[in-house]
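Subject: Structure handover

Hello,

Please find the structure below. My notes come after it.

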Amino acid sequence: MFARPGLPSFDYVRAREPGQVIELLQKHGEKAKLLMGGTDLFPGLRDGAFHPRVVVDVKQLPGIRDILFSLSDGLIVGAAVTMNALVAHPDVQSHFPLLAEAAGAVASYQIRNRATLGGNLCNASPCADTAPATLVLEAQFILYGPDGERSMPAGEFFLGPGRTALRPGEFMTAIRFPLPPAGVAASYQKLGRCKAGDLALVGVAALGNPDPSTPSGYQFRIGLGSVAPTPIRAWAAEEVLTCSIPPEAAFSLAAEKARSAANPITDVRGTADYQLAMVRSLTLRALRQVGAGLKEGN
Amino acid sequence: MAEFTSDPVGKSVPRIDIYEKVTGSATFADDMQFGPGLYYGRLVRSPHAHALIRHIDATRALQLPGVKAIVTGADVPKNIGLYLIDRPIFARERARYVGEPVAGVVAISEEISHQAAQLIQVEYEELPAVFDPVEATRPGAPLLHPDLGAYKVANFIFPEPGSNISEHFKLRRGNVDTAWAQCAAIVEGTFRLPQIQHVPIEPHVAVSLWEASGQVTLWTCSQSPFAQRDLIAQSLDIPHGNLRVVSPYVGGGFGGKAGVSMEVCAVSMARAVKGHPVKLRMTREEEFIGTTVRQSLVAHTKIGCDSAGNLLAMETQYYFGGGAYNDYGVNIARAAGYSCTGPYLIPNVKGDSYCVYTNQPIGSAMRGFGMPEIHWGIEQIMDQLAEEIGMDPADFRRRNCVKSGQSILTGMQMPPIDLVACIDKATEAIDWGKRELASAPHKRRGKGIAVMWKAPAMPPNPGSAAIVRFNEDATVNVSIGAQDLGQGAFTVVAQMAAQALGVPYEWVRVSVPVDTKYSPYEWQTVASRITWSTGNAVKAAAEDARRQILEIVAGHWGENPQDLEIKDGVVFSYRTEEELPLKGMVIYGLPNENFEGWKGGPIVGQGRFMPTYVTNLDFETGQGTRAVVHYTVGAQAIDLEVDTETGEVTVLRIASVYDVGKAINPDLILTQIEGGAVHGMSSAFEALHYDRQGRPLNPNLVDYRIAAATDIPLEIHGDFVETPLEDGPWGARGVGEHVMVPTAPAMANAIYDALGIRFSDLPLSAEKVFRALQEKQEG
Amino acid sequence: MTHHTITVTINGARERLDVPSNMTLLQMLRDKLALTGTKNGCEAGECGACTVLVNGEPVNSCMMLAVEADGCEILTVEGLAPEGRLSPLQQAFVEHNAVQCGFCTPGMLMSAHALLQRNPRPTEEQIKQALVGNLCRCTGYVRIIRAVQAAAEEGGA
């Protein structure tokens with residue numbers, strides 16, 4: 001019932017190339033766990049959630065720690081890039097500040113030196129800080145497995161709490177972010193039980209950009225974290241923001257729609273009612289901030 | 001150290017232990033090295049809140065290579081306890097809370113010990129459980145201690161056998177029934193507080209060695225090595241002189257390391273593997289529910305005042321949820337009972353304070369010892385009364401707070417203190433009375449105040465002793481049995497020794513670790529009593545040493561000792577202005593003229609202090625000549641903001657002022673005030689949560705959050721006043737607990753000022769505040 | 001493999017060690033090297049008492065395997081200043097009474113040291129954010145923050 005002292009015993013393997021990882025995953029199935037930052041693995045090991053026979057450290061795989069950027073291809077983040085590395089990278093700061101904001105909201109500075117983007121996403125906790133941002137930035141997850149490499153939109157990856165679309169033998173190698181449209185502004189709002197350092201009780205990632213094809217002249221994308229079995233897009237809220245109505249009324253209505261999209265559970269961290277109310281409050285805040293950013297951009 | 005500080009009492013000298021602590025060389029219990037013979041222990045814990053133990057099968061566990069012994073309740077037949085001997089060391093016929101130790105495994109590694117613990121099979125038969133202290137007093141409630149009547153109990157504690165009530169303290173003064181009629185305003189409320197935990201950053205660790213010779217040693221982070229020795233010696237039938245308790249630096253205690261919790265398990269397990277030390281360490285999760293917690297409380301309180309705002313009557317009932325074993329808890333209920341008016345003069349009082357068994361972790365001493373719990377309700381009702389009769393809350397308190405010499409609720413005369421000065425300084429520091437703007441349109445700002453009092457809650461005869469020894473170079477070793485938990489005890493003790501001797505502060509060392517084999521007796525490091533009690537003993541010991549020195553030198557000079565003085569380590573004569581450095585003579589003495597013999601020898605000063613004036617209280621009325629040794633009083637004023645969109649509370653300023661009698665080290669007092677304010681603030685948001693079966697839901701730092709650096713108030717204004725304590729060393733009295741007592745109710749009062757909403761139940765949370773705001777808008 | 005031979009540089013000294021796969025860096029420091037300045041407060045990456053610098057960056061050593069430290073440079077509280085001396089930051093902690101029980105102190109120093117290395121002029125808010133992962137129950141953080149500010153003003157880490 002209580003977490004054990006120290007870690008259970010296991011074999012440690014440092015993978016040098018992807019084939020090795022697939023081989024081990026296929027050989028051991030559930031009894032092999034991948035290690036990047038370990039910030040979700042270690043608690044699981046102490047809690048008895050995992051009993052791996054082998055822990056495979058993938059941090060040395062070629063490119064898995066790299067951040068690559070080009071104006072044509074956008075951003076490619078290796079799955080084992082740490083949150084701090086993401087926050088500090090000049091191209092992330094310039095072109096994907098939402099991602100930097102979300103990554104920077106994770107836990108503490110020490111944890112962010114270990115926690116990785118890939119780890120945060122593959123652990124698939126509903127409250128993962130970076131997940132709503134990947135939805136809203138329309139990221140593609142690069143997966144590698146026995147059948148080779150494939151790419152999957154972020155929106156299709158999360159299946160439930162702790163469940164992803166990874167097939168047996170497959171693992172995430174990188175996350176690709178297309179360059180956001182010109183004039184974009186974004187905001188990540190997180191509510192924890194205290195000012196900083198906590199998990200997200202509610203997380204809202206909002207992004208907006210000028211779009212002449214919509215009645216309002218703008219397009220918004222809203223991602224909600226921690227208020228459903230997976231991170232979700234608030235589609236109805238996004239729809240509202242394409243309509244031609246005054247911004248403050250649109251924001252208010254969109255925040256209501258976002259609340260309706262959420263489906264949180266009551267647990268020791270907070271009641272469903274409160275989380276729903278906070279979806280509304282935080283969405284409104286995020287939208288206002290985005291709105292201010294869009295105005296500035298003009 | 002290059003510094004040379006004369007007359008250090010009253011000066012903010014550097015902490016005596018700070019060098020070791022900033023270099024990481026300070027030794028804590030888990031840092032001690034024991035060599036390859038060290039074994040490791042793990043405890044098997046009950047998964048049920050209340051269950052009979054039908055059978056324990058350790059066969060598979062014993063077969064695991066590396067397992068050396070398994071200990072169960074059958075091996076340790078006696079209970080342990082301080083005021084009420086109600087606790088088995090390992091559960092015997094039944095388990096009474098989720099987490100209660102049912103067996104202990106000893107093995108050659110922590111890993112094997114853990115594996116073996118998983119292999120022990122225990123057959124339980126679940127019993128109905130009770131978690132609410134009021135429920136637990138109702139007829140038909142599950143009875144946790146059918147043998148309550150057979151337990152040994154201190155003569156000032158009154159359990160009610162056949163029930164779950166382990167203590168009932170009664171306070172009857174004046175006549176409340178007739179007094180209500182004279183009240184212009186009466187406010188009544190029920191206040192609920194959950195269990196919370198100390199969360200010291202250092203979890204409990206105990207290492208014990210039981211030698212074949214019968215010598216037993218316990219190394220552990222302990223606030224009270226002598227009390228631990230006493231309790232463990234009695235419950236394990238070890239002669240006191242054969243049991244040695246050694247305590248290195250303590251990484252935070254807050255009362256949780258004051259008594260015996262897991263340490264006695266370690267000693268019992270060591271007995272099974274004689275000759276090998278056994279280390280038992282709590283994981284953080286075990287620390288939460290397997291050591292001790294602060295009791296929960298349900299308080300019903302009714303207070304009335306006349307139209308001029310004079311308090312006339314109070315009626316109150318406290319139901320403390322003491323957990324499965326109420327040992328320390330009974331004294332908390334008692335202390336709450338004899339302090340139930342708060343720091344106020346109320347002529348008619350009817351108080352009933354109960355300690356009640358519940359199937360929860362063990363409630364025990366935690367910073368404030370009942371005072372934070374009771375002031376939560378008292379200070380809110382005072383605000384409500386002030387509002388009803390149209391008086392400023394600070395003025396209401398100025399009018400009614402207890403003053404020096406007044407006869408308080410137990411009939412005792414209030415020793416000299418100045419709470420009004422504390423109120424004045426606290427209110428001034430946050431611009432009381434000035435309505436200030438919130439930082440944004442969706443925020444509301446408010447200010448609140450709360451006052452407090454607390455007396456050391458002790459048996460009538462708790463003693464301190466001290467030894468002051470010189471080294472050849474005239475540096476000094478002070479030996480005490482008191483502990484420095486971070487509060488600065490070693491530092492102030494060194495200051496007092498230096499002052500009383502007449503040597504520089506830098507010449508004094510405090511002998512660590514505290515070790516019952518070498519250190520003189522100290523009752524316990526609790527109750528904010530060390531500066532006062534140990535201080536007195538150290539002062540006496542230093543004065544004893546000084547007297548010896550002056551006698552020798554006077555004899556050597558042919559003078560009267562009264563004409564001599566020691567200053568900065570040099571003896572000098574007022575009469576002749578002759579000087580003699582202490583160096584050398586404090587060990588070797590002084591030769592007579594022409595070396596015709598010698599005078600003196602090694603200087604060892606001894607001193608002790610024990611209050612002699614505390615009396616028992618009448619069982620029916622709680623009245624007595626002298627209930628307690630003294631009270632420390634203080635006030636906190638808070639300026640905060642509430643975000644109406646989320647319910648989040650941001651504390652802008654806390655002003656916290658205490659009457660300390662004499663600030664031996666002013667800066668250390670301010671650091672206590674700062675730490676206490678943050679601890680008090682944090683405690684308002686903390687709670688241990690359980691499911692319906694009594695299983696803990698948040699025994700970890702992820703879901704039991706304590707204040708981090710980003711949560712602290714923007715400003716903390718600490719200050720103190722000095723109304724000397726009659727028998728305090730240089731007039732000093734303690735303040736370590738008091739500094740966190742009024743924070744939660746001051747916050748509640750400030751939130752009311754901001755929102756017009758009262759919270760009678762803890763914990764506070766952004767969610768609760770938000771929901772209350774919604775309800776207010778809808779209603 | 002259940003055991004690994006690793007080479008680590010700890011406080012400037014090169015060490016060659018044999019470590020089990022499941023040994024954490026914290027366990028390695030405390031149990032294999034008797035560097036007990038680094039503390040075990042929760043083993044869950046929450047309290048920060050186990051904070052050390054790995055290649056200059058603060059991590060919770062309880063959340064890292066010893067074998068992962070192969071080839072790395074580790075700095076613990078014992079390495080902040082040569083024996084008998086105090087670093088400017090340690091000195092600031094002394095002068096501002098930023099220590100009470102002392103258990104969180106090593107972790108605090110490591111986080112603060114790393115902060116001043118990467119940001120020599122931090123604001124109060126930046127200091128607080130940098131120390132979010134270092135819990136203290138005694139001081140209320142006030143003096144710790146003040147000490148870090150003072151050390152920054154003096155221009156030292």
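Predicted model: local features only at pLDDT ≥ 70, side-chain atom pairs only at ≥ 80, totals over all residues.

Residues are numbered from 1 along each chain as its sequence is written, and chains are lettered from A and ligands numbered from 1 in the order in which they are written.

**Chain B overall**

Chain B holds 18 helices and 31 strands. Helices (H or I, at least four residues) and strands (E, at least two) are DSSP runs, numbered from the N terminus. The C-alpha atoms of chain B fill a box of roughly 95 × 75 × 50 Å along the principal axes.

Of the 779 residues of chain B, 63% are buried. Buried means 20 or more other C-beta atoms within 10 Å of the residue's own; exposed means 12 or fewer, and partly exposed lies in between, with C-beta atoms placed from the backbone. Among chain B contacts between residues at least 6 apart in sequence, 79% join residues at least 24 apart. Two residues are in contact if their C-beta atoms, placed from the backbone, lie within 7 Å.

**Domains of chain B**

Chain B splits into domain 1 (18–27 + 462–609), domain 2 (35–127 + 201–252 + 257–290) and domain 3 (296–402 + 413–458 + 616–778). The bounds come from an automatic or database domain assignment. The centres of domains 2 and 3 of chain B are 36 Å apart, taken over C-alpha atoms. Here 20 residues of domain 2 are in contact with 23 residues of domain 3. On the domain 2 side, helix α8 (residues 284–290) of chain B gives the largest share, 4 residues. That side has 9 nonpolar, 5 polar and 6 charged residues. Ala, Val, Leu, Ile, Met, Phe, Trp, Tyr, Cys and Pro count as nonpolar, Asp, Glu, Lys and Arg as charged, and the others, Gly among them, as polar.

**Chain B with its neighbours**

Chain A: 22 residues of chain B are in contact with 21 residues of chain A. α3 (110–119), α8 and α18 (766–778) of chain B each supply at least two residues of the chain B side. This side has 4 nonpolar, 6 polar and 12 charged residues.

Chain C: 43 residues of chain B are in contact with 41 residues of chain C. α1 (18–23) and α16 (666–683) of chain B each give two or more residues. α16(B) gives the most, with 7. By class, the chain B side has 21 nonpolar, 14 polar and 8 charged residues.

**A strand in chain A**

Strand β10 (residues 171–177) of chain A has 6 of its 7 residues buried. It pairs antiparallel with β5 (residues 74–78) of chain A over 4 bridges. Pairing needs at least two DSSP bridges. β10(A) also runs antiparallel to β6 (residues 140–145) of chain A, with 5 bridges.

**Chain C**

Chain C divides into domain 1 (3–79) and domain 2 (88–154). Their centres are 21 Å apart, over C-alpha atoms. In this chain, 14 residues of domain 1 are in contact with 12 residues of domain 2.

Best wishes
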